[in-house]
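Open the model in your viewer and keep the sequence panel beside it. We will go from one stop to the next, with something to select at each.

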Amino acid sequence: MNTGAAGSVQTILIVDRIDTFYGQSHVLQEVSLSIGERETVCLLGRNGVGKTTTLRSIMGLTPPRSGHIFFKRKDIVGKPPFQIAQLGIGYMPDDRRIFPDLTLFENLELAHRLSSKGKTHWTFEKIFHLFPVFVDLKNRKGTQLSGGEQKMLAIGRALMKNPELLLMDEPSEGLAPLIVQNLVEVIARIRSEGVTILLADQSLKFCRKTSDRGYILEKGSVQHEGVMDDIWQNEEIVKKYLVL
Ligand SMILES: Nc1ncnc2c1ncn2[C@@H]1O[C@H](COP(=O)(O)OP(=O)(O)OP(=O)(O)O)[C@@H](O)[C@H]1O
Ligand SMILES: [Mg+2]
């Protein structure tokens, strides 16, 4: 875990041996992880290993059947997603869930209205500064935005709710290399504003550029964890579990 100038960093999220099911199907098996304040951590692994399910478990969308999830020392298992969001966890789902008939600006406005307790760290101005392309796109409807633009909007919308911890599902998936590079910079800027990030992504290259540490999942359990440079250099682990 990152240690800042003051020494040890506070842990913001602890996932403690969670088991999550879809019906009878036992998907996550004793998954544990922890994230320090202001860290960026990634969940890595191939298709179907449980990355999305881990994020959904934290967000309360598919709550675990056993285990604990502590956000700022409070156990959040069993709380509904809207309460978890109000506590300060933002979520960018992999399917983006943009409102197709609302314009980009209206999508952001709606998120702003739903933001908790009138906190205003992420103003419209700040979001437009983070994504300069929004200036030209602000009156476009959701359906008229490209996949990459929708991803940016989904990030902007999650930030509008002023999360302390931002969960991002497959941010780099399907994006052209230039857009991915832009996203790496966007994530660095979000981090510099003090937001802690947990992202799930299949791309080891992208995770190396964005994250401090990583957890590797396979068949619903954590197989390996480490700092990103160590994972990157570990040929055996890369071959066994990951996609470059
Ligand atoms: N709604 C669902 N109902 C039943 N099984 C599901 C459901 N969603 C996911 N699964 C199963 O749970 C397992 C984990 O899926 P999950 O979506 O968490 O994987 P993932 O690592 O995010 O994969 P990907 O890289 O493809 O997004 C898979 O075997 C998947 O088939
Ligand atoms: Mg997924």
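**First stop: the four-stranded sheet**

Select the open sheet of four strands, which has the order β2-β1-β4-β5 and antiparallel pairing. Two strands pair if DSSP finds at least two bridges between them. In general, strands of a sheet pair through backbone hydrogen bonds, either parallel or antiparallel.

Now colour the edges. They are β2 and β5 (74-75), and each pairs on one side only. Next, show α1. This helix packs on the sheet and touches β1 (11-22), β2 and β4. The direction of α1 makes about 70° with that of β2. Contact means that the C-beta atoms of two residues, placed from the backbone, lie within 7 Å. Axes are lines fitted to C-alpha atoms, for helices over the stretch in contact, and angles run from 0 to 180 degrees between N-to-C directions.

A word on the model before zooming in. It is predicted: local features need pLDDT of at least 70, side-chain atom pairs count only at pLDDT 80 or more, and totals for chains, interfaces and linings use all residues. Residues are numbered from 1 along each chain as its sequence is written, while chains are lettered from A and ligands numbered from 1 in the order in which they are written.

Zoom in on β1 and β4. Five bridges join these antiparallel strands. Pick Asp16, and you will find His68 of β4 opposite.

Move to strand β4 (residues 66-71) and β5. They pair in the antiparallel sense over two bridges. Phe70 has Asp75 in β5 as its bridge partner. Phe71 stands opposite Lys74 in β5.

**Second stop: the six-stranded sheet**

Select the open sheet of six strands, ordered β6-β7-β8-β3-β9-β10. Its pairing is mixed. The edge strands are β6 (89-92) and β10, each pairing on one side only. On average, neighbouring strands of this sheet are turned by 15° against each other, direction ignored.

Take strand β3 (residues 40-44) with β8. Four bridges join them, and they run parallel. Val41 has Leu198 in β8 as its bridge partner.

For the antiparallel case, select strand β9 (residues 213-218) and strand β10 (residues 221-227), joined by six bridges. Arg213 stands opposite Val227 in β10. These strands also form a hairpin with two residues between them. Lys219 in the turn has a positive phi of about 45°.

Helix α6 (residues 147-160) lies across β6 and β7 (165-169), at about 165° to β6. Helix α7 (residues 177-192) lies across β3, β7 and β8, at about 150° to β8.

Centre on Ala200, in strand β8 (residues 196-200). Is Ala200 buried or exposed? It counts as buried, because 25 C-beta neighbours lie inside 10 Å. The cut-offs, with C-beta atoms placed from the backbone, are 20 or more others within 10 Å for buried, 12 or fewer for exposed, and in between for partly exposed.

Show what Ala200 touches: Leu43, Lys51, Thr52, Leu55, Asp169 and Glu170, not counting residues up to four places away in sequence. Then draw a line from the C-alpha atom of Ala200 to that of Val41. The two are 159 residues apart along the chain, yet separated by 8.7 Å.

Select the residues around ligand 1: Tyr22, Ser25, Val27, Gly45, Asn47, Gly48, Val49, Gly50, Lys51, Thr52, Thr53 and Gln202. Each has its C-beta atom, placed from the backbone, within 6 Å of the ligand. Two elements give two or more residues to this shell, β2 (25-36) and α1 (51-59). α1 gives the most, with three residues.

**Last stop: the whole chain**

Zoom out. The protein has ten helices and ten strands. Along its principal axes, the C-alpha trace spans about 45 × 45 × 35 Å. Buried residues make up 39% of the 244 residues.
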